[in-house]
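Here's a quick briefing to read alongside the model. Have a look at the fold, then go through the notes by topic.

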Amino acid sequence: MESSVTYKRIWEVAYPIILGSVAQNLINVTDTAFLGRVGEIELGASALGGMFYFVLIMLGMGFGTGTQIVIARRLGEKKHGDIGSTFNHALYFMVPLAMACFLLMFFFSSAILRPVVESDAIYSATMKYVDYRMYGIFFAFGQVLFRSFFIGIAYTKVITWSTLVMAAVNIILDYALIFGHWGFPQMGIQGAALASVIAEFSAVVYLLIYTSHKNFKKQYKLFRLQKPDMILYGRLLKLSAPIMLQNFLSLGVWFAFFLFVEKLGEQALAISNIIRSIYIVLMIPVWGFAAAANSLASYLIGLGKPDEIFRLLKRIILMCVGGVSAFVLLSLIVPEAIISVYTNDPALLQGSVPVLFVVNFGALTIAVGFILFNGVLGTGKTHISFLIELIVLTVYLLFVYVAVNRFQANVTQVWVSEIVYGILLALLSWLYLKKGRWSAAGV
């Protein structure tokens, strides 16, 4: 990897992740579109069940991000022998973490969801979804670990292919299992959950085969049993623990957002699930460029060139906002056509259009915020990133709570919270990068 932070180098790291995000979002779009044809209840329940599942996935994602930062730093320092050891120690941590999350969902999902979901119909459908979806957590954590490794060594094209495999399997099985085609049972919302689990399993199998076939396993000595290095564990945990908590809180707050929306009615929840799916599509460029910002910032510090980070982030922001703007422009021109992919219900179509306009502007603010925030993560100062996220999430949650409970806001007004989130995240992240002491951060 060259030390120069050229647009070409940024694109080489980001575009495979962006393509992978496209494939990942095919899963999200397909699930939402198919369940939109099943019913309003199933559409809303899949949003709550999916958010509950991903709240726990975020714990693994947090540890994976910390692992990725360390691997990228070792790459910059030319310490290739430490990369495999970092991966293996992350694996030792991920397996019991996945088991703990699974057991929590298996034994306590009902106790967690019943008090906070008002609609009996939505609660029942959500539990049907979670009963199948929980088994995917092992494969999801496996993907997180592989993703951390490949982004860390800046070999990201494999992520595209693994996600394409997952998307293809999910789309085919969604069609078969939700509606009962080709001799499969008609499972409805449970079929969507089972299809996702099998798709995640398929992606992990692909990654295992690819890693062995391309010699990464041998080159970096991956999956080797070795005596635990407590110093390395301490380094990983010190770096990752704030990110894990931060990710858990971040998605936990978004889960709370949907619980607040559910109090506005089943139609408001169905509209929000449609918008959530479109919103994630709008954010496709952000995931790739944010990962590039994180990894390349850490790499530059490993090279001893922290002064280049601001130039790196400026270029990534320009590229990211440009990519998001293309999606936003299309969404502004033909909003009804986009929403009709998910539903043919006239009431849902009409109610979703104004929310979509708000989300378009929210995506632009979050594009800037995420890049700057991942720049903070890349410095290794994860306790600062946690503090920033904690402040932003507190303001965000207060905004939603007051809007729903004090001002009886409608679903469109509640989604303005995304704009508030993006602006505040960008502002606090920029202030720290400008004024903070991070250039010598060690990981």
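**Overall build**

With 443 residues, a compact globule would come out with a radius of gyration near 22 Å, and the protein agrees, at 21 Å (taken over C-alpha atoms; the globule rule is 2.2 Å times the number of residues to the power 0.38). This is a predicted model, so local features need pLDDT of at least 70 and side-chain atom pairs count only at pLDDT 80 or more, while totals for chains, interfaces and linings use all residues. Residues are numbered from 1 along each chain as its sequence is written, and side-chain values use heavy atoms, with hydrogens and water left out.

- The protein has 17 helices and 0 strands (DSSP runs numbered from the N terminus: H or I of at least four residues for helices, E of at least two for strands).
- Along the principal axes, the C-alpha atoms fill a box of roughly 60 × 45 × 40 Å.
- Buried residues account for 58% of the 443 (buried is under 20% relative accessible area, exposed over 50%, partly exposed in between, with a 1.4 Å probe and protein chains only).
- Take the contacts between residues at least 6 apart in sequence: 84% of them join residues at least 24 apart (contact means heavy atoms within 4.5 Å).

**The largest pocket**

- About 230 Å³ of space lies in the largest pocket (a pocket is an open set of points on a 1 Å grid over the protein atoms alone, where a 1.4 Å probe fits, with protein on both sides within 12 Å along at least five of seven lines; lining residues have an atom within 4 Å of a point). The volume is the space filled by probe spheres set on the points, which are joined across faces, edges and corners.
- Its lining has 14 residues, and Leu 91, Val 95, Phe 138, Phe 141 and Gly 142 are the closest to the centre.
- α3 (81-113), α5 (137-152) and α7 each supply at least two lining residues, and α5 gives the most, with 6.

- The end C-alpha atoms of α5 are 22 Å apart, which agrees with the 22 Å its 16 residues should span at 1.5 Å a residue (1.5 Å times one less than the number of residues).
- Just after α5, Ala 154 has a positive phi of about 60 degrees.
- α7 (residues 189-213) reaches 37 Å with its 25 residues, close to the expected 36 Å.
- Asn 215 follows α7, with a positive phi near 75 degrees.

**Ser 331**

- Ser 331 sits in α12 (residues 309-333) and counts as buried because its relative accessibility is 1%.
- Leaving out residues up to four places away in sequence, Ser 331 touches Leu 282, Ile 338, Leu 356 and Asn 360.
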